[in-house]
Amino acid sequence: MEATISPNGGSVRERRGLEERFRDRVSPNSALSRKTVSYQGNRAAPGLRWMKYKEGFSRSLVDEFVSEFRPAAVLDPFSGIGTAPLVAAGKGIEATGIEIMPVGALVGRGIAEAANGLRRDTLEGAASELLADLESDADAHEYAFPHVRITEAAFPDETESAIAKARMFIDAVDDHATRALLDLACMTVLEDVSFTRKDGQYLRWDYRSGRNLRSRVHKGRIAPFAEALGGRLYQMLHDVDELKREYGGGRPEFIIGSSLELLRETPEASFDMALTSPPYANRYDYTRTYALELAWLGYGQGDFSKLRQSMLSATVENKPKTDWLRDVYGEDDALLSKAFRMYEDQGAVHEVLGILRQRVNELGNRHVVRLIEGYFLEMAVVVAELGRIIRPGGVVIMVNDNVRYHGEETPTDLILADFAERSGFVCENIWTLPRGKGNSSQQMRRFGRREIRKCVYKWTRTNG
Ligand SMILES: C[S@@+](CC[C@H](N)C(=O)[O-])C[C@H]1O[C@@H](n2cnc3c(N)ncnc32)[C@H](O)[C@@H]1O
């Protein structure tokens, strides 16, 4: 029997109401799997395998939806390494990706470059010269890896010098496409040659770094930089021909910036499909996970917190963007006012927030409340913008996870479906993946085990 009160003794009325409203749209979809909605499906994919961007979805997922709907123009407003724009553009479809993390956007651009412009022999020649340069005795004193606090002591000394040499070499390469790919190759091996490992929410430190003396992590053998880089360059050269076949049908546009700013500038009805996976409301901090890569790209200490604050709110560090959005849109902007109203009227969000505010002293981190407020307010803006940008008859396909804090389930799928239906869409399907995620072990002890839905949604833009 469905519980009538929440694990904290609060009301579930609003959440049950949403469940009732969308009950006939929620269904399992056996064609979808954890593999297709995650990076796992890209492990062997040419280009996409260069960077372990674990937050990505697979090319087969994109392929499936693009083949089914045959859109003329596709947008991914949270494009990561560009899986959706690359696959769509490869089929001759006009494709745009917006991504705030340059790490992801540069991978997408690099793959597009390899598929559309790059001359394989030029890259091969430059790659051999670079590797030979790394073997030479010369030192590169003019450059030092631009560490920030969380990357200090990340590399063995010899690696640090080899990285410096590579940087000096790459900066002197004339051919733009070759330079971009060599730069990308270096960026994508930084984790492998470091004392760190991307691990869920954290960057874990190997005890050999001397940085965290309590660490017991041993990564195993850490490859010298030249070896790791050589391996990546070999893989890139190997992939070029296949990339030209697969993604050579057109060049996607990758814009580096925030969708919270850029969607506003996108003309009305300019896309007939949005295929996307926004950050989940799960505290995951991209700037921490990709710290080495951001530092390589020249992000200084101040840039890190600026970037974190500009991203869609999904961490406890994110501060409210309400005033910032008013500045971007203008005080009386109709779309922004509508998005704010959608958020204010959303009963299930406020039911959860009300309970968490009452229990704030029991929360692992009190700013979880601010995270949920920010996430749904900002997603209301994104969904309202999609309602304006997607042509009548067009579709939005979105991958997202529900979340639970302090035992309170936050049905992201149903809340966003409500925003979508207030923005000119019909929520047609909320496809659940075969198995959702469980609780954290601590939460399980307290609140028992229930599954959290992991879903793919389909919203169709009405003709009205
Ligand atoms: C779940 S990942 C999407 C991965 C992508 N589907 C792929 O295959 O690589 C969400 C992405 O949204 C990006 N992001 C977060 N806030 C953003 C914003 N305000 N504007 C644009 N992108 C943002 C993150 O950097 C992250 O790459």
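Phe271 stands opposite Ile390 in strand S8, and strands S7 and S8 pair in the parallel sense over five bridges, where two strands count as paired if DSSP finds at least two bridges between them. The model is a predicted one, in which local features need pLDDT of at least 70 and side-chain atom pairs count only at pLDDT 80 or more, while totals for chains, interfaces and linings use all residues. Residues are numbered from 1 along each chain as its sequence is written, and side-chain values use heavy atoms, with hydrogens and water left out.

**Strand S7 and its partners**

- Helices (H or I, at least four residues) and strands (E, at least two) are DSSP runs numbered from the N terminus, and in this scheme S7 covers residues 271–276 while S8 covers residues 390–401.
- On another pairing of S7, two bridges join it to strand S2 (residues 73–76), and these strands run parallel, with Val74 standing opposite Met273 in S7.
- Six of the six residues of S7 are buried, so this strand is largely enclosed by the rest of the structure; buried means under 20% relative accessible area, exposed means over 50%, and partly exposed lies in between, using a 1.4 Å probe and protein chains only.

**Salt bridges**

- The structure holds 36 salt bridges, each defined as a side-chain nitrogen of Lys or Arg within 4 Å of a carboxyl oxygen of Asp or Glu.
- Asp272 and Arg391 form one of them, at 2.9 Å from N to O, and this pair links distant parts of the chain, since Asp272 lies in S7 and Arg391 in S8, 119 residues apart.
- Asp272 counts as buried at 18% relative accessibility, whereas Arg391 counts as partly exposed at 30%.
- Salt bridges that share partners also join Arg21, Asp24, Arg25, Asp418 and Glu421 into one network.
- The side chains of Lys91 and Asp63 meet in a salt bridge of 2.6 Å, N to O, and this pair, too, links distant parts of the chain, with Lys91 in the loop between helix H3 (83–90) and strand S3 (94–99) and Asp63 in helix H2 (residues 59–69), 28 residues apart.
- Asp206 forms a salt bridge with Arg208, their closest N and O atoms being 2.7 Å apart; Asp206 is buried with a relative accessible area of 0%, whereas Arg208 counts as partly exposed at 34%.

**The ligand and its surroundings**

- The ligand is surrounded by 23 residues, of which the closest are Tyr53, Ile81, Thr83, Glu99 and Ser259, a residue being near the ligand if one of its heavy atoms lies within 4 Å of it.
- An oxygen atom of the ligand is 2.6 Å from an N or O atom in the side chain of Thr83, and an oxygen atom of the ligand is likewise 2.6 Å from an N or O atom in the side chain of Glu99.
- Taken alone the ligand exposes 610 Å², and the protein buries 99% of that, with accessible areas coming from the Shrake-Rupley method with a 1.4 Å probe and, for residues, only the protein chains shown counting as cover.

**Asp239 in helix H8**

- Asp239 is found in helix H8 (residues 225–247) and is buried, with a relative accessible area of 1%.
- Leaving aside residues up to four places away in sequence, Asp239 touches Pro46, Gly47, Arg49 and Trp50, where contact means heavy atoms within 4.5 Å.

Terms used. Polar contact = N/O pair within 3.5 Å; in protein donor to acceptor, adjacent residues only side chain to side chain.
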